[in-house]
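Here is a short briefing on a protein model. Read it with the structure open beside you.

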Amino acid sequence: MQGVLSGFAVIAVVIGVGWLIGRRGSLGDQGREVLTRLAFQVATPALLFTTLARADLTVIFSSRLLVTALSTAAAAGVFVAFGVVRRWGVGRTTIGALCSSYVNSGNLGIPIAAYVLGDASLVAPVLLFQQIMVTPIALTILDLSGAGEKRALLGRLLTPLRNPIAVGSLSGVLVSATGVRIPGPVMDPITLIGNMSVPAVLLAYGISLHGSTTPGRGQDRRPVLLAVALKSAGQPLAAWALATGVFGLRGAPLLDVVVTSALPAAQNLFTYASRYRVAESLAREAILLSTLLSVPVLVAIAALLG
């Protein structure tokens, strides 16, 4: 359980620092927006590029990744169905679907994989799937759903190439796939810039918590509770059912896929919501509640399957 607790402790401290910054007004009225733009436009693309450029792409063909992909699609699909019926709108439904299925595979998934599963590389398939497939698709939908936005067909097809997150991810995959070795003097500055991503995201999230309403009680109460229920219970249950019933996984492989699917919603989803100015309260509250709930959920999974 040390990995679960230590991973959450680090995140909680940095978010707490962000909350104090917001309370004191240390960065002014635009502090959160500047950190969000820094993370979205510069730091996160650099982090994704360096991470994926060094990744082993053969992991994307494993049965574990298929379980992750299908359980992700199941959780997101349920939210999308509710969003269509309830007419929550494209932007809110997209953010809610991400909060229901997009796990914190980076700054929380890595330490938990290292301490609970015994191998930090086990989170790599989830990271690759989310950055290669889920992120470009979701951000393209958000790009194209802008109010009053009208583009020619070619412009719509090229939308992913204008998104820095997608560009960073796809560029890293290209480097890994071609086997190109980037010289240290080129990669080192990119790595240094990428190291700002996680702290910037967590600090911006912490600042947003100052003065916010109690989670699950605002105008987005229903989509928040649905997203949290899907993320904390629906996705892990779907992963367990698929892993045991379809792919026949047992022992350590089963524990791997269920633990990674039970990770909470990623903090960078709030960055996406803030960047597109849509469903910010939904993202903020769903991330906070799913993070809090994931502690007992992960402990229970480790006890039952470990």
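Helices here are DSSP runs of H or I with at least four residues, numbered from the N terminus. Keep in mind that this is a predicted model.

**How two helices pack**

- Two packed helices are described by the angle between their axes and the distance between the axes.
- Helix H2 covers residues 31–53, and helix H10 covers residues 197–209.
- Their axes come within 8 Å and cross at roughly 155°.
- That angle makes H2 roughly antiparallel to H10, because angles over 145 degrees count as roughly antiparallel.
- The crossing of H2 and H10 is left-handed.

**Which residues meet**

- From H2, the contact involves Arg 32, Leu 35, Thr 36, Ala 39, Ala 43, Thr 44 and Leu 47.
- From H10, the partners are Ser 197, Val 198, Ala 200, Val 201, Leu 203, Ala 204, Ile 207 and Ser 208.
- Sorted by class, the contact has 10 nonpolar, four polar and one charged residues.

**Two arginines with positive phi**

- Arg 87 sits in the loop between helix H3 (63–86) and helix H4 (90–101).
- Phi of Arg 87 is near 60°, a positive value in a residue other than glycine.
- Arg 87 counts as exposed because its relative accessibility is 76%, and the cut-off for exposed is over 50%.
- Arg 277 lies in the loop between helix H13 (268–276) and helix H14 (280–305).
- Arg 277 is not a glycine, yet its phi is positive, at about 55°.
- Arg 277 is exposed, with a relative accessible area of 58%.

Key:
Residues are numbered from 1 along each chain as its sequence is written. This is a predicted model: local features need pLDDT of at least 70, side-chain atom pairs count only at pLDDT 80 or more; totals for chains, interfaces and linings use all residues. Side-chain values use heavy atoms; hydrogens and water are left out. Axes are lines fitted to C-alpha atoms, for helices over the stretch in contact, and angles run from 0 to 180 degrees between N-to-C directions. Angles under 35 degrees count as roughly parallel, over 145 as roughly antiparallel, 65 to 115 as roughly perpendicular and the rest as oblique. A crossing is left-handed if the near helix is turned anticlockwise from the far one by less than a right angle, and right-handed if clockwise. Contact means heavy atoms within 4.5 Å. Ala, Val, Leu, Ile, Met, Phe, Trp, Tyr, Cys and Pro count as nonpolar, Asp, Glu, Lys and Arg as charged, and the others, Gly among them, as polar. Buried means under 20% relative accessible area, exposed over 50%, partly exposed in between (1.4 Å probe, protein chains only).
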